[in-house]
Amino acid sequence: EVQLVESGGGLVQAGGSLRLSCAASGFTEEDYAIGWFRQPPGKEREGVSCISSSDSTTSYADSVKGRFTISSDNAKNTVSLQMNSLKPEDTAVYYCAALYASVCPPIGYEYDYWGQGTQVTVSS
């Protein structure tokens, strides 16, 4: 079964940066999408970003464009989300998710596999 493990969350002041990592394993198909979602306290979960394993095509929610960058390493076993210029409204539990697909689906599309989440808190 697909396993996803997030890390890198923490507490940061507004304007600061964090980088989240998603360690992925257990894929049985070549093509899949890795997405980042977040759930602010008391709010619904929302899509943040996606990267495709086939060609590294990426997509972003409008709210994070220009501030967040998704990428994969050479081994293709981890996906990172670099978050810059963080705002208090970015505070949320961030989840890594996976879906078998040839390309990234629209932002917010529901994925099939999920990590445990990592807390990001932006103060001030």
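This is a predicted model: local features need pLDDT of at least 70, side-chain atom pairs count only at pLDDT 80 or more; totals for chains, interfaces and linings use all residues.
**Entry 1: strand 5**

I began with strand 5, residues 46-52, and asked how enclosed it is. Six of its seven residues are buried, so the rest of the structure largely encloses this strand.

Next I looked up its partners. Strand 4, residues 33-39, pairs with strand 5 in the antiparallel sense, and I find six bridges there. Ile 34 has Ile 51 of strand 5 as its bridge partner. The two strands make a hairpin with six residues between them, and Gly 42 in the turn shows a positive phi of about 75 degrees.

Strand 6, residues 58-60, also runs antiparallel to strand 5, joined to it by three bridges. Here Ile 51 turns up again, standing opposite Thr 58. This pairing is a hairpin too, with five residues between the strands, and Ser 56 takes a positive phi near 65 degrees.

Which strands make up the open sheet of four, and in what order? I read the order as 1-3-8-7, with antiparallel pairing. Strand 1 (3-7) and strand 7 (68-72) are the edges, each pairing on one side only. From one strand to the next the twist averages 15 degrees.

Inside that sheet I checked strand 3 (residues 18-25) against strand 8 (residues 78-83): they are antiparallel over six bridges. Leu 20 has Leu 81 in strand 8 as its bridge partner. A reminder to myself for reading these strands: side chains in a regular strand alternate between the two faces of the sheet.

**Entry 2: disulfides**

How many disulfides does the structure hold? I find two.

One joins Cys 22 to Cys 96, with an S to S distance of 2.0 Å. This pair links distant parts of the chain, since Cys 22 sits in strand 3 and Cys 96 in strand 9 (residues 92-99), 74 residues apart. The torsion about the S-S bond is about -75 degrees, so I noted the disulfide of Cys 22 and Cys 96 as left-handed. Cys 22 is buried at a relative accessible area of 0%, and Cys 96 counts as buried at 0% as well.

The other disulfide is formed by Cys 50 and Cys 104, whose sulfur atoms are 2.1 Å apart. Cys 50 brings me back to strand 5, while Cys 104 lies in the loop between strand 9 and strand 10 (113-114), so the bond ties together parts 54 residues apart in sequence. Its torsion is about -90 degrees, so this disulfide is left-handed. Both Cys 50 and Cys 104 are buried.

Counting the bonded cysteines along the chain, I get the pattern 1-3, 2-4.

**Entry 3: aromatic rings**

My count of aromatic pairs comes to six. I looked at one of them, Tyr 100 with Tyr 113: the ring centres are 6.1 Å apart and the planes stand at 80 degrees, so the pair is edge-to-face. Tyr 100 is in the loop between strand 9 and strand 10, Tyr 113 is in strand 10, and they are 13 residues apart.

Are these two tyrosines buried, partly exposed or exposed? Tyr 100 is partly exposed at 28%, and Tyr 113 is partly exposed at 23%.

**Entry 4: Arg 45**

Last, I asked which rings Arg 45 lies over. Arg 45 is over the face of Phe 37, at 5.9 Å from the ring centre. Arg 45 also lies over the face of Trp 114, at 3.8 Å from that ring centre.

Technical notes:
Residues are numbered from 1 along each chain as its sequence is written. Side-chain values use heavy atoms; hydrogens and water are left out. Buried means under 20% relative accessible area, exposed over 50%, partly exposed in between (1.4 Å probe, protein chains only). Two strands pair if DSSP finds at least two bridges between them. Axes are lines fitted to C-alpha atoms, for helices over the stretch in contact, and angles run from 0 to 180 degrees between N-to-C directions. A disulfide is a pair of cysteine sulfur atoms within 2.5 Å. Rings of Phe, Tyr and Trp (its six-membered ring) pair if their centres lie within 6.5 Å; planes under 30 degrees apart count as stacked, over 60 as edge-to-face and the rest as tilted. A charge sits over a ring if NZ of Lys or CZ of Arg is within 6 Å of the ring centre and within 35 degrees of the ring normal.
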